[in-house]
Amino acid sequence: MRFDAAVLRSYEDPFAVEEVILNAGPGEGEVLVRIAGCGMCRTDLAVRRSAGRSPLPAVLGHEGAGVVVETGGADTGLSAGDHVVLSFDSCGHCRSCLGAAPAYCDAFAALNLFGGRAENAARFTDAAGGTLAPRWFGQSSFAAYAMVPARNAVRVAPALPLELLGPLGCGFLTGAGAVLNSFGAGPGDTVAVFGAGAVGLAAVMAATAAGAVAVAIDRHPERLALAEKFGATGLHAASGDLPDRIRRLTDGGARYALDTTGSAPLINDALRSLRPRGHLGLVARLHTELPLETGTLDRGRRLSHICEGDAVPALMIPRLTGLWQAGRFPFDQLIRTYPLIDINEAEADCEAGRVVKPVLIP
C-alpha cells in the first residue's frame with residue numbers, strides 16, 4: 001500500500017512529506033494502524049544529533065495513536081476498528097519483560113532504535129523503491145499508517161480523543177510513570193521536578209493527582225505558570241539558593257526529585273534538595289560525564305536512571321486516560337496540533353519552546 005509519511009533524509013535537511021510504500025500486509029503478531037495523531041518527542045529530534053549512529057533515510061515518530069485496519073491473526077488480541085495507543089517495542093520473553101519491566105528489555109535498543117525485527121526487514125521503501133530504515137520504536141508513525149507489533153498497541157475506549165492520545169505512549173507515560181511507578185508517590189510525599197517540558201509537566205500532574213506536594217523548576221516563566229496551574233509551586237532554575245528554597249518548601253527536603261534536563265548543575269541541586277534517604281530519578285540521556293559534588297549522595301540519598309517511567313504500557317495508559325476522564329491529568333492542555341505537512345513548523349516550535357507537545361495529524 002502507498003501512503004504519505006514524513007521522511008528525514010539527512011541530519012541537516014528538513015523533513016519531507018512524501019509517498020512511501022509498505023510492501024506486505026501484517027505478519028504474525030502485527031497490526032496495521034491508521035494514524036489519527038502522533039506526538040513529536042525530543043527523542044525523535046535527537047536523531048539529528050546522533051553523529052551518524054541513526055541510519056537515514058527514515059520515518060520517525062513513536063507516539064502514535066490510531067485505528068486498527070488489519071491484523072495478522074487472532075493471536076494479536078486486537079480487531080479491525082479498535083482504537084489503540086502505540087508505545088515502545090519489547091521482546092516479551094527476556095527476564096525483564098517477564099518481570100513486568102519491558103522498558104529494560106534485553107533487546108530494547110535493537111527493537112526501538114532502528115534495529116527492528118529481522119523478520120520484518122525490507123518491507124518499507126520510498127516511492128522509488130529506495131530502502132528506508134527499519135521502523136522507529138516499532139512504529140515510524142509520522143505517517144498516515146503504521147505497521148506495528150501488537151505488543152506495542154494498547155486498546156483504548158472509542159469515546160476518548162484519539163488524535164491526542166499518542167503522547168501517553170512515551171513522553172507523558174515517562175513523566176507520570178516516574179512519579180506513580182518508580183517513586184510510588186502518594187499523599188504527604190514531596191516531589192521536585194526539574195524541567196517543566198512535556199515529561200516534567202506530566203510528572204507534576206501525576207504528583208498532584210497522587211496527592212503529593214509538587215515543586216517545579218524551570219528557566220521559562222511560561223512553563224512555570226503551567227506548572228502552577230497544575231498544582232505545583234514554581235521556582236526559577238537560576239535561583240542562587242535553589243536547594244535551600246526547595247528544602248523550605250518541602251519541610252526539610254523533597255522525598256523524590258525528577259530531573260528531565262540532563263544538566264549536571266541542576267542534578268547536583270536536585271540531590272542537595274532531597275531529604276535523607278531521598279531518591280533522584282533521571283530520565284534524560286546524559287551525553288557527558290556527570291560530576292557529583294561532595295556530600296550530594298550522603299545520608300542515604302540515591303540516584304537512578306528511569307526508562308519509560310518503569311511502565312507496563314498496557315496498564316499505565318488506561319490508568320492515565322482514567323485520570324484524564326476524572327479531570328486529574330489534563331494532558332490535553334499541553335498539546336498543539338499541526339497537520340503532518342507542517343512537521344517542520346512543529347519541529348521549529350518545539351525546539352524554540354513555543355509549544356510543549358506538538359501532535360501531528362496526518
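**Exercise 1. Is K357 buried or exposed, and what is its relative accessible area?**

Solution. A reminder before we start: this is a predicted model. Begin by placing the residue: K357 sits in strand β17. Next, check the accessibility. The relative accessible area of K357 is 3%, and the cut-off for buried is under 20%, so K357 is buried. Finally, look at who surrounds it. Leaving aside neighbours within four places in sequence, K357 is in contact with G39, M40, C41, E63, P167, F172, A198, L334, I335 and R336.

**Exercise 2. Work out how the buried residues of α10 are arranged around the helix axis.**

Solution. First, list them: in α10 (residues 343-352), the buried residues are I343, A346, E347, D349 and C350. Now look down the axis. These buried residues fall within an arc of 165 degrees, so they line one face of α10. Last, step off the end of the helix: α10 is followed by G353, which has a positive phi, near 80 degrees.

**Exercise 3. Describe how α7 and α8 pack.**

Solution. Start with the geometry. Helix α7 (residues 242-249) and helix α8 (residues 264-272) have axes 8 Å apart, at an angle of about 35 degrees. The crossing is right-handed. Next come the residues: L242, P243 and R247 of α7 meet L266, D269 and R272 of α8. Sort the residues of this contact by type and you get 3 nonpolar, no polar and 3 charged.

**Exercise 4. Classify the ring pairs F108–F137 and F172–F331, and say which parts of the chain each ties together.**

Solution. Take F108 and F137 to begin with. Their ring centres are 6.2 Å apart and their planes lie at 85 degrees, so this pair is edge-to-face. F108 belongs to α3 (residues 108-112) and F137 to the loop between β7 (124-126) and β8 (145-149), so the pair ties together parts 29 residues apart in sequence. Both rings are part of a cluster of F88, F108, W136 and F137, linked by ring pairs.

Now for F172 and F331: 5.8 Å centre to centre, with 50 degrees between the planes, makes a tilted pair. F172 is in α4 (residues 171-183) and F331 in the loop between α9 (313-325) and β16, so the parts tied together are 159 residues apart in sequence. As for burial, F172 is buried at 1% relative accessibility, and F331 is buried with a relative accessible area of 1%.

Methods:
Residues numbered from 1 in each chain as written. Predicted model: local features only at pLDDT ≥ 70, side-chain atom pairs only at ≥ 80, totals over all residues. Heavy atoms only, no water. Buried < 20%, exposed > 50% of the residue type's maximum accessible area, 1.4 Å probe, protein only. Helix = DSSP H or I, 4+ residues; strand = E, 2+ residues; numbered from the N terminus. Arc of directions from axis to C-beta. Contact = heavy atoms within 4.5 Å. Axes fitted to C-alpha atoms, helices over the stretch in contact; angles between N-to-C directions. Left-handed = near helix turned anticlockwise from the far one by under 90°. Nonpolar A, V, L, I, M, F, W, Y, C, P; charged D, E, K, R; others polar. Phe/Tyr/Trp six-rings, centres within 6.5 Å; stacked < 30°, edge-to-face > 60°.
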